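Dear colleague,

Please find the structure we discussed directly below. My notes on what was found in it follow.

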Amino acid sequence: MNVQRRPPTGRRPTAATRWRPATANRGLPTAATRWLPAVVAAVTLALPPLLSGSHLAIYILLGLAAMVTIGLTMLMGYAGQVSLGQAAFYAIGGYTAGLLAVQGLPPLVGLLAAPLTAAAFALVVGVPLLRLRGHHLAFATLATQLILLSLLSQADWAGGAIGLQGIPRLSVGGAEFADDISYAYLVWIAVAVTLLVARNVVASRPGRGLRALATSETAAAASGIPVGRYRLTVFALSAAFAGLAGGIYAFYLGYIAPGSFPVLLSIEYVVMAVVGGLGTLWGALVGATAIILLVQVLTTLGTQPGMPSYAPSVLSYAVYALLLVLVVLFLPHGIVPAVRDRLAPTGGVGGAGAESSAVRGGAQTGSTPGSCRGSGESAGGAVQRE
């Protein structure tokens, strides 16, 4: 009589331990999933020559917003930390690049220093801030941005409230980025690099530790994951992405001021990440696209004849609130996970959707953030599986 025995693994497999970083695309047509990034890249590269004037400027700002949102998606969707002050790192990158260029240093040096300075600032403020949790951390990051903007508005060396003027165009080896088309290609190449770095981090062993950390910090620490170090690292990495975007922004406009980085901008980034889908990197691109286009529609509507001067900001806050409520009610995981689940309702998929399935694994097994039951096995599986 043949009796097949299960190999003695020493522990009962759970949903978390059965999960593997998806290298095969299950649930979606393989050809479609394989060619999707190539199609997106081709369309992205083909658009700049076809756009002109304000449309090309919107396209550039969309890429910059996507870079910041990718970092915020990692911070919120994978590390489980909420930041309402991401525009502060955007501002630090812009002022770093602008100040160095105005002082006569090569613009490329300023651009390279922008993400490094933003990451260094995040490391310094992150040590005390990341001791906080939940809404306390969110309010602390918001306060950090308010303090930074107040200091910049009073700093004569940074142009004060008037702002920093005379920032030269970006140039590399004597070749100057003289028109918007060149900046459009620069921005979207930077988006591709940012997305690649984030994807590699998420697929690595520390990335699996981040997913366990988002499920339960207690269980993750019990499994041997360095919780504090991982949280600080992803906080600095998200700040570096925002700093790089801020540096490009400064060279593109040639002028920055504290008013260029309002609190509403940080709220926009959070809305982009939530609408696109926390826990999926492609959701950052989808969310940024949706919100940037919506902002342009609201701006056009708010500047119509007869509308009061405060109409654009009031419309923005009202529509953001309404959009968040609708997304939470009808698309609780965001646009990208909802589309993925429609196309593959019976299983996870690789590529863009694999990360989201992993992040939501804790919820699917019945664990909640802060609870040890259920999430303990999830954390253990995340660090023991390769």
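I begin with Ser266, which is found in helix H11, a helix that covers residues 263–276. Please bear in mind throughout that the model is a predicted one. Ser266 is buried, because its relative accessible area is 1% and the cut-off for burial is under 20%. Leaving aside residues up to four places away in sequence, Ser266 touches Leu84, Gly85, Gln86, Ala87 and Gln145. With Gln86 there is also a polar approach: a polar atom of the Ser266 side chain lies 3.4 Å from the backbone nitrogen of Gln86.

A search of the whole structure finds 10 aromatic pairs. One of them joins Tyr90 and Tyr249, whose ring centres are 5.5 Å apart; the planes stand at 40 degrees, so the pair is classed as tilted. This pair links distant parts of the chain, since Tyr90 belongs to helix H4 (residues 86–102) and Tyr249 to helix H10 (residues 227–253), 159 residues apart. Both residues are buried: Tyr90 has a relative accessible area of 4%, and Tyr249 one of 11%.

Tyr90 also forms an aromatic pair with Phe261, and this one is edge-to-face, with 5.6 Å from centre to centre and 85 degrees between the planes. Phe261 lies in the loop between H10 and H11 while Tyr90 lies in helix H4, so the pair ties together parts that are 171 residues apart in sequence. Phe261 is buried, as is Tyr90. Tyr90, Tyr249 and Phe261 form one aromatic cluster together with Tyr95 and Tyr269.

As to the protein overall, it has 17 helices and 2 strands. Of its 386 residues, 49% are buried. Among contacts between residues at least 6 apart in sequence, 79% join residues at least 24 apart. The protein exposes about 18,400 Å², and carbon and sulfur atoms supply 67% of that area.

Finally, a word on confidence. The mean pLDDT of the protein is 81, and 80% of the residues reach 70 or more. Two segments should be read with this in mind. Over residues 1–29 pLDDT stays under 50, and the model has 40 contacts beyond four places in sequence for them. Over residues 347–386 pLDDT likewise stays under 50, and there the model has 89 contacts beyond four places in sequence.

With kind regards

Key
Residues are numbered from 1 along each chain as its sequence is written. Side-chain values use heavy atoms; hydrogens and water are left out. Helices (H or I, at least four residues) and strands (E, at least two) are DSSP runs, numbered from the N terminus. Buried means under 20% relative accessible area, exposed over 50%, partly exposed in between (1.4 Å probe, protein chains only). Contact means heavy atoms within 4.5 Å. Accessible areas come from the Shrake-Rupley method with a 1.4 Å probe; for residues, only the protein chains shown count as cover. pLDDT is the predictor's confidence in each residue, from 0 to 100. A polar contact is a pair of N or O atoms within 3.5 Å; within protein, one must be able to donate a hydrogen and the other to accept it, and residues adjacent in sequence count only if both atoms are side-chain atoms. Rings of Phe, Tyr and Trp (its six-membered ring) pair if their centres lie within 6.5 Å; planes under 30 degrees apart count as stacked, over 60 as edge-to-face and the rest as tilted.
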